[in-house]
Amino acid sequence: MDVTGKHYTWFQNKECEYFPCHKGVREEEFNCLFCYCPLYRMPDCRGGFVMRGGIKDCSYCLLPHNGLESYPYILAKLREENSKQ
């Protein structure tokens with residue numbers, strides 16, 4: 001999926017008091033579009049999470065914030081999940 005020039009796939013809110021909320025993505029490439037990750041409920045999201053007391057901790061996950069790469073990946077995972085239903 002080529003998302004080059006598709007402005008709906010990416011946005012950044014530098015005025016957010018938590019920006020950048022995850023370390024490891026270059027600031028100019030940090031994508032805030034999926035501030036709340038739509039893959040959170042999936043046990044196999046392939047993100048960098050750890051389980052803490054039965055709760056998914058995504059504090060160190062960069063998957064939804066990694067520039068333009070996050071949008072096509074998340075859409076593909078949502079389509080995959082939807083086709084199972």
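On a 1 Å grid over the protein atoms alone, a pocket is an open set of points where a 1.4 Å probe fits, with protein on both sides within 12 Å along at least five of seven lines, and its lining residues have an atom within 4 Å of a point. By that rule, the second largest pocket is lined by F11, N13, C16, Y18, F19, P20, C21, F30, C32, C35 and H65. Bear in mind that this is a predicted model, where local features need pLDDT of at least 70, side-chain atom pairs count only at pLDDT 80 or more, and totals for chains, interfaces and linings use all residues. Residues are numbered from 1 along each chain as its sequence is written, and side-chain values use heavy atoms, with hydrogens and water left out.

**Pockets**

- The largest pocket holds about 200 Å³ of space, where a volume is the space filled by probe spheres set on grid points joined across faces, edges and corners.
- Its lining has 15 residues, and C37, Y40, C58, C61 and P64 are the ones nearest the centre.
- That lining splits into 11 nonpolar, 3 polar and 1 charged; here Ala, Val, Leu, Ile, Met, Phe, Trp, Tyr, Cys and Pro count as nonpolar, Asp, Glu, Lys and Arg as charged, and the others, Gly among them, as polar.
- For the second largest pocket the space is about 160 Å³, and its lining divides into 9 nonpolar, 2 polar and no charged.

**Surface patch**

- Y36, Y40 and I55 make a nonpolar surface patch of about 350 Å².
- Patches take residues with over 30% relative accessible area and no salt bridge, joining nonpolar side chains (Val, Leu, Ile, Met, Phe, Trp, Tyr) within 5 Å, and the areas come from the Shrake-Rupley method with a 1.4 Å probe.
- I55 sits in strand 2 (residues 55-57), a strand being a DSSP run of E with at least two residues, numbered from the N terminus.
- I55 counts as exposed because its relative accessibility is 53%; the classes are buried under 20%, exposed over 50% and partly exposed in between (1.4 Å probe, protein chains only).

- Most residues other than glycine have a negative phi, and most peptide bonds are trans.
- The F19 to P20 peptide bond is cis, with omega near -15°, and P20 lies in the segment before strand 1 (50-52).
- R46 is not a glycine, yet its phi is positive, near 70°.
- R46 also belongs to the segment before strand 1, and it is exposed, with a relative accessible area of 63%.

**Salt bridges**

- Searching the whole structure turns up 6 salt bridges, each meaning a side-chain nitrogen of Lys or Arg within 4 Å of a carboxyl oxygen of Asp or Glu.
- E27 and K14 pair up at 3.5 Å, N to O. Both lie in the segment before strand 1, so the pair ties together parts that are 13 residues apart in sequence.
- E27 is partly exposed at 40% relative accessibility.
- R52 and D57 meet at 2.6 Å, N to O; R52 is partly exposed at 47%, whereas D57 is buried at 17%.
- Through shared partners, salt bridges join R26, E28 and E29 into one network.
- Within that trio, R26 and E29 meet at 3.5 Å, N to O, and E29 is partly exposed at 33%.

**W10**

- W10 is in the segment before strand 1 and is partly exposed at 27% relative accessibility.

Technical notes: Patch = residues over 30% accessible without salt bridge, like charges linked within 9 Å, V, L, I, M, F, W, Y side chains within 5 Å. Helix = DSSP H or I, 4+ residues; strand = E, 2+ residues; numbered from the N terminus.
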